[in-house]
Amino acid sequence: MSGNIELLNTSLAAAKAEDRAALIAYLPAGFPTVDGGIEAVKAVIAGGADVVEIGLPHSDPVLDGPVIQTADDIALRGGVRIADVMRTVREAYEATGVPILVMTYWNPIDRYGVERFTAELAEAGGAGCILPDLPVQESALWREHADKHGLATVFVVAPSSQDARLATITAAGSGFVYAASLMGVTGTRASVGAQAQELVGRTRATTDLPVCVGLGVSNAGQAAEVAGFADGVIVGSAFVKAMLDAPDEAAGLDAVRSLAGELAQGVRKR
């Protein structure tokens, strides 16, 4: 079975055709439980998310800040496994028809097996993977199997990336480019900053792929700001924090659905 890279491409193109940025939501699998995580994904899509990233919880993240680390710890203590990540992708995709990606560090894939991981993700209806710590020069094996199974390979670029490096990264990627708005880890911030706009401009000079910005966006105003210069607005910590702060799971689902609605309005007001 082929993965859903074309669905991802079509969804991002549809947002562009509407003269707006896409809203991309991130939630970790297994948080607060596997079933609860699946319902949370459905809730952000119901609120207006165009694309969803499912985080594969990791005990030693390099990009994730304290909010997502807390959720990952809950998921890992709950016994989440890669099979649960695949189930989350499958059930969310089958229920909504929205493109679902997995965001994961390389070590779990390497241990699981690249062919096995890509085949299972495609079979589950996944659209691809975001791989924040896989160097492009070491990605040939992954890209071979991802291409074979119809999966996008999304790489992360940062404000520190030199122009030649940006060109190397974007030439190897597919689906979209994840532009980290600032140096540091994920988390909500008071402002997203001018660095992000400059990085988007430099990245666009190297590729026709959509450039989507993450790290720091937490409200409709920031979403509108980023939507003014990016093809997609990626929001993660704000959704996770809404779930963490809720008194119970039902309230958490209401909170993320509502936040997705506000952010979806934001990306339309750029």
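Which backbone nitrogen does the side chain of Gln222 reach at 2.7 Å? Point 6 has the reply; first, some ground rules.

1. **What we're looking at.** This is a predicted model, where local features need pLDDT of at least 70 and side-chain atom pairs count only at pLDDT 80 or more, while totals for chains, interfaces and linings use all residues. Residues are numbered from 1 along each chain as its sequence is written, and side-chain values use heavy atoms, with hydrogens and water left out.

2. **The sheet.** There is an open sheet of 9 strands, ordered S5-S4-S3-S2-S1-S9-S8-S7-S6, with parallel pairing. Strand S5 (152-154) and strand S6 (156-157) are at the edges with a single partner strand each, so one side of each has no neighbour in the sheet. For the bookkeeping, helices (H or I, at least four residues) and strands (E, at least two) are DSSP runs numbered from the N terminus, and two strands pair if DSSP finds at least two bridges between them.

3. **Strand S8.** In S8 (residues 211-214), Val211 and Val213 point one way, Cys212 and Gly214 point the other way, and all are buried. Buried here is under 20% relative accessible area, exposed is over 50%, and partly exposed is in between (1.4 Å probe, protein chains only). As background, side chains in a regular strand alternate between the two faces of the sheet. On one flank, strand S7 (residues 177-180) runs parallel to S8 and is joined to it by 4 bridges, with Cys212 as the bridge partner of Tyr178.

4. **Strand S9.** S8 also runs parallel to strand S9 (residues 232-235), through 2 bridges, and Val213 has Val233 as its bridge partner there. Getting from S8 to S9, the chain passes through helix H10 (residues 220-227) in a right-handed β-α-β crossover. Right-handed means that, with the strands pointing away from the viewer, the path from the first strand over the helix to the second runs clockwise. S9 is covered on both faces: Gly232 and Ile234 are buried on one side, Val233 and Val235 on the other.

5. **Strand S1.** S9 is joined to strand S1 (residues 22-28) by 4 bridges, again parallel. Val233 turns up here too, as the bridge partner of Leu23.

6. **Gln222.** Back to the opening question: the side chain of Gln222 reaches the backbone nitrogen of Ser218 at 2.7 Å. Gln222 sits in helix H10 and is buried, at 5% relative accessible area. A polar contact, for the record, is a pair of N or O atoms within 3.5 Å; within protein, one must be able to donate a hydrogen and the other to accept it, and residues adjacent in sequence count only if both atoms are side-chain atoms.

7. **Cysteines.** How many disulfides are there? The count is 0, taking a disulfide as a pair of cysteine sulfur atoms within 2.5 Å. Cys129 is in none, and its nearest cysteine sulfur, that of Cys212, is 16 Å away. Cys129 is buried, at 0% relative accessibility, and Cys212 is buried at 0% as well.

8. **Helix H4.** After H4 comes Gly97, with a positive phi near 75 degrees.

9. **Backbone spots to look at.** The peptide bond from Phe31 to Pro32 is cis, with omega near 0 degrees, and Pro32 is in the loop between S1 and H2. Asp19 isn't a glycine, yet its phi is positive, about 60 degrees. Asp19 lies in the loop between helix H1 (5-17) and S1 and is exposed, with a relative accessible area of 58%.
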